[in-house]
Amino acid sequence: MNMFSKWKGILSNATMYHHARHLVTGGLPFLRWTELYGLTDTNQRVADLGCGPADILRYLSRGRRPAFYLGVDISEKYLQAARQRSDACGIDAELIPMDLTRLPTDAEVQRSIVKLLEQHRITRVLLLGVLHHIDDASALQTLNLVESVRTVQTMITQDVIRVPGSWINNRYCDMDRGGYIRDEAGYDSLISRSDWPRHGKFWSSPRLPFLRYIHYELSR
Ligand SMILES: C[S@@+](CC[C@H](N)C(=O)[O-])C[C@H]1O[C@@H](n2cnc3c(N)ncnc32)[C@H](O)[C@@H]1O
C-alpha cells in the first residue's frame, strides 16, 4: 500500500477526515464558508449534496443556522456521523443515502432527489467538494435537477482545482480521492452548460495560501 492509498484510507474515517483535512491544509476556513454559503441565515432551508460527515454543522450556532438541513451522501459511514452531528447540534435535519452518479440513468433516483427537495421546501443547495468526484453527465444532471425545483433559489459549489504551474496545489489534488478534478476551464465549461441562467465564481484558500478552492454560485 503506497502513501496515497493509506491517506485515502484515513479520509474514509469520519473523525479522521475532519482532522486530517485541517492538518494538511493548515486549517480550512469553515467559519468564512458558513457565511459565504448562507448557512448562518435562519430563513434558509438547505440541502447539502455529498454532505460527508456534515462537518460544516460544527461551525453553526443556535440562532445562526438554517431552519432545515437535508444531507445526502453515498457513504453510509459518513451519513451515520452526520446524523450524530445533526442530533448533537439540535438542528432539524434529515440524512439520506444516494449515489449521484445514478442520476443520468435512473429515473427513480431522479424522482427521489426532486421529491426530497420539494417536500422539504429547500431554498439553497450546497455541492461542496463533490463535482470533482463525479463525471460530467452526473454533475450536469445534478445541477439541472436542482434547478428544476422552483423553491431552490441558489446553488453553491466548492472544489479543489488543478492550477497550471502551482506544484503544491496540484500535489494536494493528487492526494484527493476525487477522480474528476478539473482545471478552471473544465469547471467553467461544466457550469455554463448547466440550466442555471446565472452564475458567479469566487475563490478561497485554507491557511496554506497556495492551496486553492474554486466556488460557483448559481442563481435564477
Ligand atoms: C470532499 S468530500 C466533501 C464532504 C462535505 N461536503 C464537506 O465539504 O466537508 C466529498 C463527498 O462526496 C461524497 N460523494 C462522492 N461521490 C458521491 C456520489 N456519487 N454520490 C453521493 N455522494 C458522493 C463522498 O462520500 C464525500 O462525502
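An oxygen atom of the ligand sits 3.4 Å from a polar backbone atom of glycine 52. The model is predicted: local features need pLDDT of at least 70, side-chain atom pairs count only at pLDDT 80 or more, and totals for chains, interfaces and linings use all residues. Residues are numbered from 1 along each chain as its sequence is written, and side-chain values use heavy atoms, leaving out hydrogens and water.

**Ligand site**
- The ligand is surrounded by 18 residues, each with a heavy atom within 4 Å of it.
- The closest are Arg21, Gly50, Asp73, Asp99 and Leu128.
- A ligand nitrogen atom lies 2.9 Å from an N or O atom in the side chain of aspartate 99.
- A nitrogen atom of the ligand is 3.5 Å from a polar backbone atom of methionine 98.

**Threonine 40**
- Threonine 40 lies in the loop between helix 3 (30–36) and strand 1 (45–49); helices (H or I, at least four residues) and strands (E, at least two) are DSSP runs, numbered from the N terminus.
- Threonine 40 is buried, at 17% relative accessible area (buried means under 20%, with a 1.4 Å probe and protein chains only).
- Neighbours within four places in sequence aside, threonine 40 contacts Thr34, Glu35, Arg64 and Arg65 (contact: heavy atoms within 4.5 Å).

**Helix 1 and helix 7**
- Helix 1 (residues 3–11) packs on helix 7 (residues 167–175) at about 65°, with axes 9 Å apart; axes are lines fitted to C-alpha atoms over the stretch in contact, and angles run from 0 to 180 degrees between N-to-C directions.
- Helix 1 is therefore roughly perpendicular to helix 7 (65 to 115 degrees).
- Phe4, Trp7 and Lys8 of helix 1 meet Arg171, Asp174 and Met175 of helix 7 in the contact.

Technical notes:
Parallel < 35°, antiparallel > 145°, perpendicular 65-115°, else oblique. Buried < 20%, exposed > 50% of the residue type's maximum accessible area, 1.4 Å probe, protein only. Polar contact = N/O pair within 3.5 Å; in protein donor to acceptor, adjacent residues only side chain to side chain.
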